[in-house]
Number of protein chains: 2
Amino acid sequence: MAAALAQARLAGARGEVPVGAVVVAPDGRVLAAAGNEVEAGHDASAHAELLAMQRAARALGGPSGGRLAGCDLYVTLEPCAMCAGAAVHFRLRRVIFGAYDPKGGAVEHGARVFAAPGCMHVPEVVGGLREAECGELLRAFFKELRT
Amino acid sequence: MAAALAQARLAGARGEVPVGAVVVAPDGRVLAAAGNEVEAGHDASAHAELLAMQRAARALGGPSGGRLAGCDLYVTLEPCAMCAGAAVHFRLRRVIFGAYDPKGGAVEHGARVFAAPGCMHVPEVVGGLREAECGELLRAFFKELRT
């Protein structure tokens, strides 16, 4: 999560919403890390965790079938429906997130993607890891935006 | 939908699951079209509609804020949670899909992303447009796979 927090801080410094993510292989190797790139990429879907999963899958290449079986995602904020849905497609082993997101989150809130009937793959979920630090980054960013 | 079907057929010819999508601007212009690229991109998230939305947003560039306000998505299959979640972030006006997907769909099935409590943007949805043709492409593809 330290690496995800570092990505979140870098994203904030670029004027992005400070969320960061890393994908870790079964052997502990970091396959990819990313922060939000919504502003830079003119792409509302360029969330840290989606980018990290995509880049990790590309790093693994063909033999993986584009999936991340056995891999873990660390992300500083509870994933939204898009990113939780992506975690299903990538067949992640675990999703570990920092701050809970009652508004946009779709793991413990909203669409609760992993708990939906017929969800094709359900990763293990750990929420609230280094929650205070992860959330404080976001609160400081939005407070600054409003002033 | 004819253009989305054409993309689906092209995807099938490349060995991808035959799903296609196009994003249409408020003035009727096609901003982007894509078929599935999961196999080619070694990327389990490379669904036709996500790619089409991302490419459309990039085509619009900076002034759009990375969003597709007022735009419509045509896709041959009911979107999954990832793609429905992306449609929320992109602020699509309408999502028009062909075949219903009781297994993987998350608009009329499963996580029902647009109906989830707190969903931040709810596009108008039209399901079942040219459903038979869209579904037949998929049935033929999977039948061939099994033989």
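Asp72(A), Arg93(A) and Arg94(A) are linked in a network of salt bridges. A salt bridge here is a side-chain nitrogen of Lys or Arg within 4 Å of a carboxyl oxygen of Asp or Glu. Over all chains, a search of the whole structure finds 14 salt bridges. This is a predicted model, in which local features need pLDDT of at least 70, side-chain atom pairs count only at pLDDT 80 or more, and totals for chains, interfaces and linings use all residues. Residues are numbered from 1 along each chain as its sequence is written, chains are lettered from A in the order in which they are written, and side-chain values use heavy atoms, with hydrogens and water left out.

**Confidence**
- Chain A has a mean pLDDT of 96, and 100% of its residues reach 70 or more. pLDDT is the predictor's confidence in each residue, from 0 to 100.
- The model scores are ipTM 0.95 and pTM 0.96.

**Salt bridges within a chain**
- Arg93(A) and Asp72(A) meet through their side chains in a salt bridge, 2.9 Å from N to O. The pair links distant parts of the chain, 21 residues apart: Arg93(A) is in the loop between α4 (81–89) and β4 (94–99), and Asp72(A) is in strand β3 (residues 72–77). Helices (H or I, at least four residues) and strands (E, at least two) are DSSP runs, numbered from the N terminus.
- Arg93(A) is partly exposed, at 42% relative accessible area. Asp72(A) is buried, at 4%. Buried means under 20% relative accessible area, exposed over 50%, and partly exposed in between (1.4 Å probe, protein chains only).
- In chain B, Asp72(B) forms a salt bridge with Arg94(B), with the closest N and O atoms 3.4 Å apart. Asp72(B) lies in strand β3 (residues 72–77) and Arg94(B) in strand β4 (residues 94–99), so the pair ties together parts 22 residues apart in sequence.
- Asp72(B) is buried at 4% relative accessibility, while Arg94(B) is partly exposed at 24%.

**Salt bridge between chains**
- Arg58(A) forms a salt bridge with Asp43(B), and their closest N and O atoms are 2.8 Å apart. The pair crosses between chains, from helix α3 (residues 48–60) of chain A to the loop between α2 (38–41) and α3 (48–60) of chain B.
- Arg58(A) is partly exposed at 48% relative accessibility. Asp43(B) is buried at 1%.

**Nonpolar core**
- The largest nonpolar core has 104 residues. Such a core is a set of buried Ala, Val, Leu, Ile, Met, Phe, Trp, Tyr and Cys residues joined through side-chain atoms within 4.5 Å.
- Leu68(A), Val113(A), Leu68(B) and Val113(B) have the most contacts inside the core.
- Beyond residues up to four places away in sequence, Val113(A) touches residues including Val88(A), Cys119(A), Ala81(B) and Ala111(B). Contact means heavy atoms within 4.5 Å.

**Helix packing**
- Helix α1 (residues 2–13) and helix α5 (residues 131–146) of chain A pack at an angle of about 5 degrees, with axes 10 Å apart. Axes are lines fitted to C-alpha atoms, for helices over the stretch in contact, and angles run from 0 to 180 degrees between N-to-C directions.
- α1(A) and α5(A) are therefore roughly parallel to each other (angles under 35 degrees count as roughly parallel).
- Leu5(A), Ala8(A), Arg9(A) and Gly12(A) in α1(A) meet Glu133(A), Cys134(A), Leu137(A) and Phe141(A) in α5(A).

**Pro26(A)**
- Pro26(A) is in the loop between β1 (20–24) and β2 (30–35) of chain A, and is exposed at 55% relative accessibility.
- Pro26(A) and Arg93(A) are 67 residues apart in sequence and 9.0 Å apart in space, C-alpha to C-alpha.

Conventions. Angles under 35 degrees count as roughly parallel, over 145 as roughly antiparallel, 65 to 115 as roughly perpendicular and the rest as oblique.
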